[in-house]
Amino acid sequence: MSSLIVRRFPALTPYTPAWRAMQAFTDARAAETPDELWVVEHEPVFTLGQAGKWEHVLMPGDIPVIAVDRGGQVTYHGPGQIVAYPLLDLRRAGIGVREYVQRIEQAVIDTLAEWNILAARRDGAPGVYVNGAKVAALGIRVRRGCTFHGLAFNINMDLEPFRRINPCGFQGLQVTQMLDLGGPSLLADVEAVLVAELARQFGLTAQSAQPLTFDAGPVFTGNVSVAR
C-alpha cells in the first residue's frame with residue numbers, strides 16, 4: 001500500500017503562503033512523487049473561488065478576502081477549524097474528480113459517525129451537512145491530474161464570520177460545528193480520525209512527516225524541491 005505523507009502545522013498558518021506552496025508542490029511533482037496531506041489551522045480569512053461572486057461577500061470587516069484558484073464560492077477559515085489539503089495524483093489513483101469529491105465527503109461523514117453524528121451530502125452543494133447545516137466545506141483544484149486545495153471542517157470556532165458572507169454562495173445557509181453537535185472540542189481528537197479516514201478512502205497508509213515552513217528559501221518535501 002502506498003504512503004500518504006501527512007504534514008501537520010502546529011501554529012496558526014497564514015493563508016497565502018500555504019496556498020502558494022500547494023501550487024508550487026503541484027507544479028513541481030513528478031509521476032513518482034508521494035501523495036501528501038497538509039493539515040492546518042488558518043488565521044482568519046475569507047477565500048473566494050474562481051467562480052465566486054463578490055456579491056456573496058457581505059460585510060467582511062477586518063477579515064481579509066483573498067480571491068483564489070479553487071472551485072466554489074466564498075467561505076471562511078479561522079481558528080478552531082481543521083483545513084485539510086490532499087495533494088493527490090488522481091491519475092495514479094485511477095479515479096475522476098467526482099469520485100474524488102465523494103470520497104472526501106465520505107471521509108468527513110465517517111469521521112462524524114465516530115461520535116454518533118449523522119451527516120449527509122447535499123445534491124448540487126458539495127460539502128457535508130448535519131440536519132441541513134453545513135459542517136464541512138469543499139473547494140478543490142485539479143491541475144495535470146493532481147489535486148490541491150481541499151476541505152474545511154468546523155470543530156470549535158467562532159461562527160460569527162460566516163454571517164458576514166453567503167456561505168458557499170447560498171443566502172441564509174446555516175453553518176454548524178462539531179462542538180455544537182455533541183462532538184469533541186479538541187481539534188487533535190478529530191484530526192486523528194479524519195486523517196485515518198482520508199487515508200482509508202484512497203487506499204493509502206498515513207505516514208507523519210515534518211511540517212513545512214513558509215519562511216524564505218525552498219521547501220524540500222520528499223524528492224520535490226518547492227521554490228517560493
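Predicted model: local features only at pLDDT ≥ 70, side-chain atom pairs only at ≥ 80, totals over all residues.
Residues are numbered from 1 along each chain as its sequence is written, and side-chain values use heavy atoms, with hydrogens and water left out.

Most residues other than glycine have a negative phi. His149 sits in strand β9, residues 146-154 (strands are DSSP runs of E, at least two residues, and helices are runs of H or I, at least four, numbered from the N terminus). With 1% relative accessibility, His149 counts as buried, a word that means under 20% relative accessible area with a 1.4 Å probe, protein chains only. Cys168 also has a positive phi of about 60°. Cys168 is found in the loop between β9 and α4 (187-201), and its 17% relative accessibility makes it buried.

Turning to the rings, there are six aromatic pairs (ring centres of Phe, Tyr or Trp, the last by its six-membered ring, within 6.5 Å; planes under 30 degrees apart are stacked, over 60 edge-to-face, the rest tilted). One of them is Tyr76 with Phe162, edge-to-face at 5.5 Å centre to centre and 85° between the planes. The two partners are 86 residues apart, with Tyr76 in strand β5 (residues 74-77) and Phe162 in the loop between β9 and α4. Both Tyr76 and Phe162 are buried. Elsewhere, Phe9, Phe25 and Trp38 make up one aromatic cluster.

Conventions:
Buried < 20%, exposed > 50% of the residue type's maximum accessible area, 1.4 Å probe, protein only.
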